[in-house]
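The sequence and structure are shown first.

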Amino acid sequence: MGNKGFGQVENYTTAFLWMFYLVLVVGLVIVWGVWGYVLALAICAGLHVGIAKLAVIRARREAAWEARVAAAIARGRQ
């Protein structure tokens with residue numbers, strides 16, 4: 001072995017910062033995806049319940065209307 005001194009080590013700061021950025025972005029995308037998916041499911045579930053309630057309300061109104069029309073027709077035939 002020669003009498004060589006130690007040289008400078010390679011500077012990995014830039015590589016570290018790029019990998020940190022990549023891990024940060026991937027982590028944020030995963031968090032955004034999970035919370036976004038949960039929020040989307042909650043909105044869809046709320047809309048589903050709301051549409052179902054609206055359908056029931058419309059069915060009741062339509063049934064009441066049909067009953068009034070049938071009663072009016074029955075009175076008219078008497």
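## Aromatic residues

Phe16 is exposed, because its relative accessible area is 55%; buried means under 20% relative accessible area, exposed over 50%, and partly exposed in between (1.4 Å probe, protein chains only). The model is predicted: local features need pLDDT of at least 70 and side-chain atom pairs count only at pLDDT 80 or more, whereas totals for chains, interfaces and linings use all residues. Residues are numbered from 1 along each chain as its sequence is written, and side-chain values use heavy atoms, with hydrogens and water left out.

The structure holds 2 aromatic pairs. Phe16 and Phe20 form a stacked pair, at 6.4 Å centre to centre and 20° between the planes. Rings of Phe, Tyr and Trp (its six-membered ring) pair if their centres lie within 6.5 Å; planes under 30 degrees apart count as stacked, over 60 as edge-to-face and the rest as tilted. Both Phe16 and Phe20 lie in helix H1, 4 residues apart, about one turn of the helix. Trp18 and Tyr21 form an edge-to-face pair, with 6.0 Å centre to centre and 90° between the planes. Trp18 and Tyr21 are also in helix H1, 3 residues apart, again about one turn of the helix. Trp18 counts as exposed because its relative accessibility is 57%, while Tyr21, at 47%, counts as partly exposed.

## Nonpolar surface patch

A nonpolar patch on the surface is formed by Met19, Leu22, Val26, Ile30, Val31, Val34, Trp35 and Val38, with about 780 Å² of accessible area together. Patches are made of residues with over 30% relative accessible area and no salt bridge; like charges are joined within 9 Å, and nonpolar side chains (Val, Leu, Ile, Met, Phe, Trp, Tyr) within 5 Å. A salt bridge is a side-chain nitrogen of Lys or Arg within 4 Å of a carboxyl oxygen of Asp or Glu. Accessible areas come from the Shrake-Rupley method with a 1.4 Å probe; for residues, only the protein chains shown count as cover.

## Overall form

The chain has 1 helix and 0 strands; helices (H or I, at least four residues) and strands (E, at least two) are DSSP runs, numbered from the N terminus. The radius of gyration is 35 Å, well over the 12 Å that the globule rule gives for 78 residues, so the chain is more spread out than a compact globule. This radius is taken over C-alpha atoms, and the globule rule is 2.2 Å times the number of residues to the power 0.38. Along its principal axes, the C-alpha trace spans about 125 × 15 × 10 Å.

Of the 78 residues, 0% count as buried.
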